[in-house]
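Biologist: I would like to learn how to read a model such as this one. Could we start with the ligands and then turn to the helices and the backbone?

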Amino acid sequence: MKTQVGIIGAGPAGLFLAHLLKQQGVDSVILEARSYDYVLGRVRAGVLEAGTIDTMHNLGLGERMEREGLVDDGLDMRFRHRNIHLDLPGLTGRAVKIYGQQEVVKDLIDARLEAGDPLIFDAEVVRLEGLDGDTPKIHYRHEGVDKVLDCALVAGCDGFHGIARASVPAGVIETITKSYDFAWLGVLAKARPIADMTYTNHDNGFALCSRRSLEVSRLYLQVGANENPEDWSDARFWDELHTRMFDADKTEIAEGEIFQRDMARLRSYIAHPMQYGNLFLAGDAVHIVPPAGAKGLNMAVADVRVLARAMVAFFSTGARSGLDRYSDDCEARVYKTIRFSVYLTGLLHKFDDMSPFDRAMQFSELDFIAGSETAQRVIAEQYVALSDVSD
Ligand code: APR
Ligand code: PHB
């Protein structure tokens, strides 16, 4: 099989890239290791920044997002029985949209399949060849048969554990990382969500109340990095959430059937450069953010908006300048987004190695934010739009 761009991975990065390329007449093939059902079953975050929303509309894929997505114009942060309310439109003129990542992925996949464009599921890429030449080859296995995709450019959109970054010769890519000794236990519950996206920093640990609809809550608790989700009964989860949300009388947080559970380890990770020869890395394949800023999906979309523009210029004019600058054009934004996510993580979580002094300083910063519209605007501006790229 032959195409212009071989895309590894049908997550947000790979799917948005394929649609952006097609919009400009560039052909691609997406190779996805997992099945359609598996990919759609992966529950992730669900906060869309303006740039992501605009890209969905620009691709003509915004109809269900507008119909089913929820506008989120408030962001609350709680600590020691105080509540900081950030009025996102009042502070920034913008809001964000809540629309689950798997809904975004479903819209992109279904549109790709409906158009009859190549997206091959259960196709695991096993080797990349000739990345530093003009005719790279992607070796993959599909239905028990070893196959090869010939292409001019390769997009590594295969996530943190993918093969693309791992295929770059040793010493070419440097990585910096920061790990946390806790994780987020996430659930989906058939329970009426509270009014605003609410983060809390409690002496027991962090919690977050988000939502997917007016009937489904998306809830998270900070837990130990190696805890087993099955050790958290529904009753234990709800009791702990009421406690951390300072809802001791259980009048604010509505309980309901928990129908989905997942655990997410927290880490920050950046690989530099985001490219090698004719391989270009995007999304989780090249950076990971702790989820406190809800930036992972938005960063992936921002990366491929830059990459698509460079690839289209290459195929239409032969110019490589955009491709050669791709990493440099993305990295300042990537670092700013990771910094914000690390900052929010540090502000809102309870760290085991914190001294009483550290804890006092954490609460003092929250107290300052509570009393400063300027400090609130700094957080709000980064929350609503750090992944903006000028097209
Ligand atoms: N061959 C083919 N496909 C692969 C391979 C491989 N060798 N390795 C991984 N994949 C696929 C995975 O199955 C997955 O569907 O690549 C896809 C990568 O998708 P994501 O991990 O979602 O990464 P990305 O598209 O960058 O989106 C980042 O997704 O995981 C969330 O929190 C993350 O919000 C962020 C967003
Ligand atoms: C979510 O709705 O899944 C969500 C919201 C905010 C975050 C992370 C996840 O910071």
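Biologist: Which backbone atoms lie close enough to ligand 1 to count as polar contacts, taking N or O pairs within 3.5 Å?

Modeller: This is a predicted model, so the distances are computed from predicted coordinates. A polar backbone atom of P12 is 3.2 Å from an oxygen atom of ligand 1. For A13, a backbone N or O atom lies 3.0 Å from an oxygen atom of ligand 1. A33 also uses a backbone N or O atom, 3.0 Å from a nitrogen atom of ligand 1.

Biologist: How much of the accessible area of ligand 1 does the protein cover?

Modeller: On its own, ligand 1 has 700 Å² of accessible area, and the protein covers 87% of that.

Biologist: How many residues surround ligand 1, and which are the closest?

Modeller: There are 24 residues around ligand 1, with E32, R42, R44, Q101 and D284 the closest. By class, the shell has 10 nonpolar, seven polar and seven charged residues.

Biologist: Which element gives the most to that shell?

Modeller: Strand β9 does, with three residues. At least two residues each come from α1, β9 (123-129) and α8.

Biologist: What makes up the shell around ligand 2?

Modeller: The shell has 11 nonpolar, two polar and two charged residues. Of its 15 residues, Y199, S210, R212, Y220 and P291 come nearest. Strands β14 (197-202), β15 (205-211) and β16 (217-224) each supply at least two residues.

Biologist: Back to α1 and α8. At what angle do the two helices pack, and how far apart are their axes?

Modeller: Helix α1 (residues 12-23) and helix α8 (residues 296-317) pack at about 35 degrees, and their axes are 9 Å apart. The crossing of α1 past α8 is right-handed. From α1, the contact uses P12, A13, F16, L17, L20 and L21. From α8, the residues include L297, A300, V301, V304, R305 and L307. The contact comprises 14 nonpolar residues, no polar ones and one charged residue.

Biologist: What should I look for in the backbone itself?

Modeller: Most peptide bonds are trans, and most residues other than glycine have a negative phi. Exceptions deserve a look in the viewer.

Biologist: Where is the cis peptide bond?

Modeller: The cis bond joins H272 and P273, with omega about -5 degrees. P273 sits in the loop between β17 (257-272) and β18 (275-276).

Biologist: Which residues other than glycine have a positive phi?

Modeller: R80 and H81 are examples. Phi is about 40 degrees at R80 and near 65 degrees at H81. R80 lies in the loop between β5 (74-79) and β6 (82-87), and H81 is also placed in the loop between β5 and β6.

How values were computed: Residues are numbered from 1 along each chain as its sequence is written. Chains are lettered from A and ligands numbered from 1 in the order in which they are written. This is a predicted model: local features need pLDDT of at least 70, side-chain atom pairs count only at pLDDT 80 or more; totals for chains, interfaces and linings use all residues. Side-chain values use heavy atoms; hydrogens and water are left out. Axes are lines fitted to C-alpha atoms, for helices over the stretch in contact, and angles run from 0 to 180 degrees between N-to-C directions. Helices (H or I, at least four residues) and strands (E, at least two) are DSSP runs, numbered from the N terminus. A crossing is left-handed if the near helix is turned anticlockwise from the far one by less than a right angle, and right-handed if clockwise. Contact means heavy atoms within 4.5 Å. Ala, Val, Leu, Ile, Met, Phe, Trp, Tyr, Cys and Pro count as nonpolar, Asp, Glu, Lys and Arg as charged, and the others, Gly among them, as polar. A residue is near a molecule or strand if one of its heavy atoms lies within 4 Å of it. A polar contact is a pair of N or O atoms within 3.5 Å; within protein, one must be able to donate a hydrogen and the other to accept it, and residues adjacent in sequence count only if both atoms are side-chain atoms. Accessible areas come from the Shrake-Rupley method with a 1.4 Å probe; for residues, only the protein chains shown count as cover.
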